[in-house]
Amino acid sequence: MPTPTTTLALGPDWLDPEWLISTFGLLGILAIVFAESGLLIGFFLPGDSLLFTAGLLTADGEYITYPLWLVCLLITIAAIAGDQVGYAFGKKVGPALFRRPNSKLFKQENLIKAHEFFEKYGARSVVLARFVPIVRTFTPIVAGVSGMRYRTFVIYNVIGGILWGTGVTVLGFFLGQIPFVKANIELILIAIVFVSVVPIIIELLRARLAAKRGTTSAERAELEHAAQEAQRHRQGY
């Protein structure tokens, strides 16, 4: 296996899945999955690339020595628990969240994207959002804000947690046993990190541009509309 510094060219340590796993182990994976699944501050964390790399390293047995079934089980539980916390937070805060001012760790445009995703796909968005960076973090919060039925949310949350937490990890595990992948694991990891980081970089650049030009009247209207839509959902569910 390459040393953890091999894949750091694309960003800092905390964006390198292999470095994170080699440093913090399985507990670190679970903490990141939990945070990215439902905490507002977790949207920038590497999710898909982390799970895929966890599967690769479980197959290799160097940094993760636990059996695959246990790794998948714990990751799935962490993912489901994270979404549950996000839902509870959204339920408690309500539509007022759409009027919260921007900060370094909170951007209204991320919340709006998740709201639009939720509006488009309904309850299915809880499952589909698992595979969309950034939207993955905000969708359970939007579900709570919109007053989605708790039982419905739990069902879709469990399905999404299993498909994402187990599916991506298992994919990495089996690909990690293919000779070509093992022989080119540095390039594979770099590609995974790149794919994971690109959406984050784009969002950071957009946030900087938005901060420079300020919030337009159209954006303020969109925020108000999102808040009204969330209130309507709470009354309709």
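Helix 1 and helix 2 first. They pack at an angle of about 115 degrees, with their axes 10 Å apart. Helices here are DSSP runs of H or I, at least four residues, numbered from the N terminus. Axes are lines fitted to C-alpha atoms over the stretch in contact, and angles run from 0 to 180 degrees between N-to-C directions. Helix 1 and helix 2 are therefore roughly perpendicular to each other; that term covers 65 to 115 degrees.

A word on the source. This is a predicted model, where local features need pLDDT of at least 70, side-chain atom pairs count only at pLDDT 80 or more, and totals for chains, interfaces and linings use all residues. Residues are numbered from 1 along each chain as its sequence is written, and side-chain values use heavy atoms, with hydrogens and water left out.

Back to the pair. Helix 1 passes helix 2 in a left-handed crossing, meaning the near helix is turned anticlockwise from the far one by less than a right angle. Who touches whom? On helix 1, Pro17, Glu18, Leu20, Ile21, Ile29, Ile32 and Val33. On helix 2, Ser49, Leu50, Leu51, Thr53, Ala54 and Leu57. Contact means heavy atoms within 4.5 Å. By type, these residues are 10 nonpolar, two polar and one charged. Ala, Val, Leu, Ile, Met, Phe, Trp, Tyr, Cys and Pro count as nonpolar, Asp, Glu, Lys and Arg as charged, the others, Gly among them, as polar.

Next, helix 2 against helix 7. From helix 2, the contact includes Asp48, Phe52 and Gly55. From helix 7, it includes Trp164, Gly165 and Phe173. The residues of this contact divide into nine nonpolar, five polar and one charged.

Glu36 sits in helix 1. Buried or exposed? Glu36 is buried, at a relative accessible area of 1%. Buried means under 20%, with a 1.4 Å probe and protein chains only. What does its side chain meet? The side chain of Arg136, in a polar contact at 2.8 Å. Such a contact is an N or O pair within 3.5 Å, one able to donate a hydrogen and the other to accept it; sequence neighbours count only if both atoms are side-chain atoms.

Asp16 lies in the segment before helix 1 (17–38). Asp16 is also buried, at 1%. Asp16 and Pro46 are 30 residues apart in sequence, yet 7.8 Å apart in space, C-alpha to C-alpha.

Conventions
Helices (H or I, at least four residues) and strands (E, at least two) are DSSP runs, numbered from the N terminus. Buried means under 20% relative accessible area, exposed over 50%, partly exposed in between (1.4 Å probe, protein chains only). Angles under 35 degrees count as roughly parallel, over 145 as roughly antiparallel, 65 to 115 as roughly perpendicular and the rest as oblique.
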